[in-house]
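Dear colleague,

I am handing over a structure to you with this email, and below it you will find notes on what was found in it. Please read them with the structure open beside you.

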Amino acid sequence: MTTLRRYLAERLAAAVVTLLGVSLIVFLMVRVLPGDPARVIAGVLASEEEVGRLRSQLELDRSLPVQYGSFLLRLARGNLGVSARTSEPVTREVLGRLPRTVELAVVSSAIATAIGIAAGVAAAACPYSIVDYLLSVVTLSGVSMPVYWLGLVLIIVFAIDLNWLPAAGAEEPASIVLPALTLGAFSMALIARMTRSSVLEVLGQDYVRTARAKGLAERAVLWRHALGNALVPIITAVGLQFGALLGGAVLTESVFGWPGLGLLLIDSIFARDYPVVQGIVLTFSALFTLTNLLVDLLYAYVDPRIHYG
Amino acid sequence: MTRRQHRWGRGPGAVAAGLLVGVALGAGPARAATFRIAVGIDPDTMDPVQTTTTTVGNLVDYTVETLTTIDEAGRILPLLAEGWTVSADGRQYTFKLHPGVRFHDGSPFDAKAVKWNFDRLIDPAVRVPIRAAYPIEKTDVVDPLTVRITLKHPYAAFLGALSSTTSGLLSPASAVAPGNDYKNYVHIVGTGPYTLAERRKGESLTFARYPAYWGRPTSYESVVVRIVPEAATRESLLLAGQVDLIILPPLADVPALQRNPALKVLLAPSDRTIFVAINTRKPLLSDRRVRQALNYAVDKAAIVKNVLFGAADPMDAPMASTLFGYCRTGAYAHDPTRAKTLLAQAGITPGTRLQLLHPTGRYVQDKEAAQAIAGYLREVGLVVELQTMDWPSYVATISTPAERNTTQLHFLGWAPPFLDASQQALQFLSTYAPPGGLATSFYANPEVDRLILAAEQELSPDRRRSLYCEASKQVWEDAPWVFLWVQRFPIVYSAKVTDVGSLPNEKFAAVHARPAR
């Protein structure tokens, strides 16, 4: 336990350093982008005098080190600054949208993992059969289908033709179904393919032959012995995919009008709203780091041979 | 209960999906009393003085009203002001306010409230991007229902400026509402027919009918505006009966929507001109004959028909016909032969290279239109290289001062903040060229400058109109733009709804919408 605590403390300390690094990179990256945030936010009809006034209000007339120092000082107090576009605290903007993004990522991830693992195991159970080929086609389609296209097809079928589900928005609980399926399609396919190869590899090992020789039912061999030992790479894929789902929901959010952070990030980048871009990227980084840590901890749970320290 | 909710209750696929994601089904909002709208942008602000986009203004207008307003033809009408007088020198406007009006918080709408709002509008501490349209020196309370506004200089377009959402009147008492402060109003409290009941950022705004509204009563108990950035999704929502009105559907679908008997399509006249600004400071383009040749080379009518699906009208003056001060100046008909002759006269040889910069997704079909324009210019012997970039970079590039500006041609749109030629004329004023403003063709004609400045201060509407007309003719002749088209603003709504209209400044007029009987 002590070892685990020390491991956790080290990883958390490393996460803080990582986030500081991320904050500096994002700070510099957004400022390297061409375009004057004050002009973009004030609009093309604003006079140069008003744009200049806004530039000063946004502290854009200060030197970069002063701007970064002031950003870090605010960050240390848990303050991400004020949105240049909406004049509202970035923390409020981000926290207002974060639950929607996490909700979508969790539901998509759950769908992708459940269906992906089931399909992968089914394909591995009867390799090079019709089922395997069929699943290969489906998963390849899942990997290669553009989110925009898939989203619109789902809307046309389930919202317009069948009229079963809301076409967009997040007004009702059912609203999440279509965006979650769309967002999860790629991960689902990836997890299925990863599961198939991982389980297939394990199925060829001696202990599986032993289990079968002992007369264990094929189902037990497959789900308990084979899948159990094939889980480490699958968990890695699920963890990485969860991180990607958090940050990669931009198109899905746009197609379905899902009010998450991805959409806000895009709006903020196009408006050169530096404080919000920094706030969102830091939030995504923190979540990604945390997910990775959880995945690492899960390794020890699914594979007792793995120890920390 | 709508058809969809009903089906959702029974549909096995939907139930399975619901179980899969582990969500509980909730009852949807009551539909009968709610008018549902889908727009593409989430308001960056609801504070009238900070607004810069007409769609945001359109939403703010549900709650906040102005002293004057416009009708569907763009004529200025009284709203919160019953009437007004203008001093002989054109600097003092005295408004008689509508009696018996109260803000939604119960506080009285009176001259003190108006003064507070206009003092705030000119306060440099408050962000007001379009402040230049309000050259107010001071505002005085004459009596509780009379207010006098003194301008820094005569400004004939002032009544038009007062119809813009920027000058919307808030309750001074609402400064203490949670989230509000003097510099930034989040919870707007006005005198309009609806109160802003709820705002879910990035998701929706809900307006509730204000029962004690002083004006014409409205039909719907509430109005829900959903934020749906994707045009195809907005269209899907309307087709699925999940909203009643959308703006800006995918343009290519407009003909199909027009054929759908369940829908009504309005291609509303607007004030947005779309053009290719020509950098008149570049040696190649400083010759008027070359600029006229570019105008003759492009077949605007064909692009409107084939690229914009009829949702625009070719320009016949340097401004939209919805603006005060418009007069028809002519047309550059598609005439490639004449274009080639003019180019030859100006010494431009076939194969001359030109760069055309265009945004992608900023204006309706901008990329496609730019490609078509490049095609027409190639037909007269010019080799056009197309370039695009994201909007912030784009604005930075085109607004670089002349000596460092590398652009030759760039695709742009201009929608004046209110329907007056003065706001379009900025584009042809030499002092408004970058860095002084955004007249990015760097056009300079002292005679045009003189006419525009004279018109701005002229109090006689007829003389003003004539000054703008004269300036327009000169601008048209000088051709600092490839004059393209005036965009139409597509609004699509359910045939189950009636009394939906439009204003000529890209706003839908649906406050008095009601179910069709």
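The contact between the two chains takes 60 residues from chain B and 57 residues from chain A, where contact means heavy atoms within 4.5 Å. Before going further, please keep in mind that this is a predicted model, in which local features need pLDDT of at least 70 and side-chain atom pairs count only at pLDDT 80 or more, while totals for chains, interfaces and linings use all residues. Residues are numbered from 1 along each chain as its sequence is written, chains are lettered from A and ligands numbered from 1 in the order in which they are written, and side-chain values use heavy atoms, with hydrogens and water left out.

Between them, chain B and chain A bury about 5,000 Å², with 56% of it on carbon and sulfur atoms; buried area is the accessible area (1.4 Å probe) that two parts lose on being put together, summed over both. Across this interface of chain B and chain A the rule finds seven salt bridges, each being a side-chain nitrogen of Lys or Arg within 4 Å of a carboxyl oxygen of Asp or Glu. B:D390 forms a salt bridge with A:R272, and their closest N and O atoms are 2.9 Å apart.

On the side of chain B that touches chain A, the elements that give two or more residues are α1 (3-10), α2 (12-21), β10 (222-227), α6 (231-239) and α12 (391-398) of chain B, where helices (H or I, at least four residues) and strands (E, at least two) are DSSP runs, numbered from the N terminus. The largest share of that side, six residues, comes from α2(B). The residues of the side of chain B that touches chain A divide into 34 nonpolar, 12 polar and 14 charged, with Ala, Val, Leu, Ile, Met, Phe, Trp, Tyr, Cys and Pro counted as nonpolar, Asp, Glu, Lys and Arg as charged, and the others, Gly among them, as polar.

Within chain B, there is a division into domain 1 (34-225) and domain 2 (273-487), with bounds that come from an automatic or database domain assignment. The C-alpha centres of these two domains of chain B lie 33 Å apart, and 17 residues of domain 1 are in contact with 11 residues of domain 2. The area buried between domain 1 and domain 2 of chain B is about 1,000 Å², of which carbon and sulfur atoms give 69%. B:P154, B:A156 and B:A157 supply 38% of the area that domain 1 buries against domain 2, more than any other three residues. Across this domain interface of chain B, the rule finds zero salt bridges.

With best wishes
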